[in-house]
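I opened my notebook to look through a structure one place at a time. Come along and keep the picture beside you.

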Amino acid sequence: MKIVTSVHEMRDLSMKERSKNKTIALVPTMGYLHEGHLSLLKEGRQRGDMLVMSLFVNPMQFGPKEDLAKYPRDFERDKKIAERAGTDVIFCPDSGQMYPGPFKTAVEVTELSGVLCGKTRPGHFKGVTTVVMKLFNIVLPHVALFGEKDFQQLVIIRQMVKDLNIPVEIIGMPIIREPDGLARSSRNIYLSADERRSALSISRGLSKAMDTFKTGNRNSTELISIVKNEIKSSGLKEDYVEVIDECTLEPASATANNARIVVAAYAGSTRLIDNVSLEKE
Ligand code: AMP
């Protein structure tokens with residue numbers, strides 16, 4: 001496995017692979033790998049001749065009061081996990097490589113970036129789309145994999161790829177959970193034992209809403225209330241709970257074909273997100 005820190009070296013490597021007609025798969029991450037990342041790497045391994053994992057804690061997607069400085073990092077551990085998953089290249093530039101000198105350009109997907117998490121985290125998705133566009137231009141992947149855990153991010157990236165005619169296939173991967181249901185996240189490490197217990201109310205609320213949905217209840221307000229009550233009674237602070245259309249991210253009826261319940265809530269100061277598709281059977 002190669003460790004590449006330079007933008008030029010990464011692009012040269014990708015151009016060489018492309019000239020040999022090799023397929024490049026990219027899994028963008030901020031590191032501190034867990035099973036969620038691993039499932040993306042495993043799928044990427046199947047889909048690409050060369051599997052590149054980028055590891056970059058992107059300052060542009062953190063707000064001034066967010067956790068950029070304390071975001072968990074453990075490169076040696078990540079290296080072992082990535083290698084075991086069959087990664088060929090870790091691309092881990094520093095901020096100076098990614099944002100040299102004055103930086104004056106941004107890629108922004110309007111509307112989709114201003115709702116849900118975008119309301120609480122203004123500028124976050126602009127940072128995400130800009131860095132992902134840069135990673136696409138540096139790594140030159142044929143296929144890139146993203147998790148449904150960050151569902152809004154996935155929808156926004158798909159829109160960017162469509163709008164800007166980017167020749168990359170985007171693959172969305174299902175949410176990987178802890179055995180008790182909590183969606184895996186690098187930020188789970190921040191949780192105290194009490195917060196960890198309370199955080200479970202998110203996935204519990206979602207599965208209760210899903211059970212109710214499966215009995216035939218299509219009332220969005222009631223499904224949302226089930227999740228809100230569960231979260232509230234465990235002491236979490238709700239940011240939003242909504243039933244949305246998976247394409248537009250607009251509030252939707254639970255009767256819609258592509259409806260999804262999305263949640264964001266705080267356990268202490270840790271912001272957690274989760275979602276579940278209201279799939280018709
Ligand atoms: P991050 O390192 O948190 O930026 O995540 C990198 C990629 O892994 C993103 O595409 C995430 O959506 C995905 N991811 C994070 N957690 C999970 C999870 N629990 N299940 C599936 N994918 C995940």
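I began with a term: a polar contact is a pair of N or O atoms within 3.5 Å, where, inside a protein, one atom must be able to donate a hydrogen and the other to accept it. I also noted that what I have here is a predicted model.

**Entry 1: a threonine in a helix**

I looked up T129 and found it in helix α6. Which backbone oxygen does the side chain of T129 reach? It is the oxygen of F125, at 2.7 Å. I recalled that an α-helix has 3.6 residues a turn, so residues three or four places apart point the same way. Is T129 buried or exposed? T129 has a relative accessible area of 0%, and buried means under 20%, so T129 is buried.

**Entry 2: the whole of α6**

Next I checked the helix around that threonine. Helix α6 runs over residues 124-139, which makes 16 residues. How many of the 16 residues of α6 are buried? I found 14, so the helix is largely enclosed by the rest of the structure.

L140 follows α6 and sits in the loop between α6 and β5. The phi of L140 is positive, about 50°, although this residue is not a glycine.

L249 has a positive phi of about 65° and is not a glycine either. L249 belongs to the loop between β7 and β8 (259-267). With 2% relative accessibility, L249 counts as buried.

**Entry 3: a distance across the chain**

I picked L51, which lies in strand β3. L51 is buried, since its relative accessible area is 0%. How far apart are L51 and N137 in space, C-alpha to C-alpha? I read off 16 Å, while in sequence the two are 86 residues apart.

**Entry 4: charged pairs**

Before searching I reminded myself that side chains of opposite charge can pair when their charged atoms come close. How many salt bridges does the count come to? I got 17.

One of them joins E66 and R121, with their closest N and O atoms 2.7 Å apart. This pair links distant parts of the chain, 55 residues apart. E66 is in the loop between β3 (50-55) and α3 (75-84), and R121 is in the loop between α5 (117-120) and α6. K228 lies in helix α9 (residues 220-233) and E238 in strand β7 (residues 237-245), so the pair ties together parts that are ten residues apart in sequence. K228 is partly exposed, with a relative accessible area of 30%, and E238 is partly exposed too, with 32%. I also wrote down a network: salt bridges that share partners join E148, E246 and R260.

My last pair was E178 and R184, whose side chains meet in a salt bridge at 3.3 Å, N to O. E178 counts as partly exposed, with 21% relative accessibility. I kept R184 in mind for the next page.

**Entry 5: around the ligand**

Which of the 17 residues around the ligand come nearest? I listed M30, H37, D150, I176 and R184.

I then looked at single atoms. An oxygen atom of the ligand is 2.8 Å from an N or O atom in the side chain of H37. For the side chain of D150, an oxygen atom of the ligand comes to 2.6 Å from an N or O atom.

How much of the ligand does the protein cover? On its own the ligand has 480 Å² of accessible area, and the protein covers 93% of that.

Which elements give two or more residues to the shell around the ligand? I found β2 (24-29), α2 (35-47) and β5 (143-147). The most comes from α2, with three residues. Sorted by class, the shell has eight nonpolar, six polar and three charged residues.

Conventions. Residues numbered from 1 in each chain as written. Predicted model: local features only at pLDDT ≥ 70, side-chain atom pairs only at ≥ 80, totals over all residues. Heavy atoms only, no water. Near = heavy atom within 4 Å. Areas by Shrake-Rupley, 256 points an atom, 1.4 Å probe, with all protein chains shown as cover. Helix = DSSP H or I, 4+ residues; strand = E, 2+ residues; numbered from the N terminus. Nonpolar A, V, L, I, M, F, W, Y, C, P; charged D, E, K, R; others polar. Expected span 1.5 Å × (residues − 1). Buried < 20%, exposed > 50% of the residue type's maximum accessible area, 1.4 Å probe, protein only. Salt bridge = Lys/Arg side-chain N within 4 Å of Asp/Glu carboxyl O.
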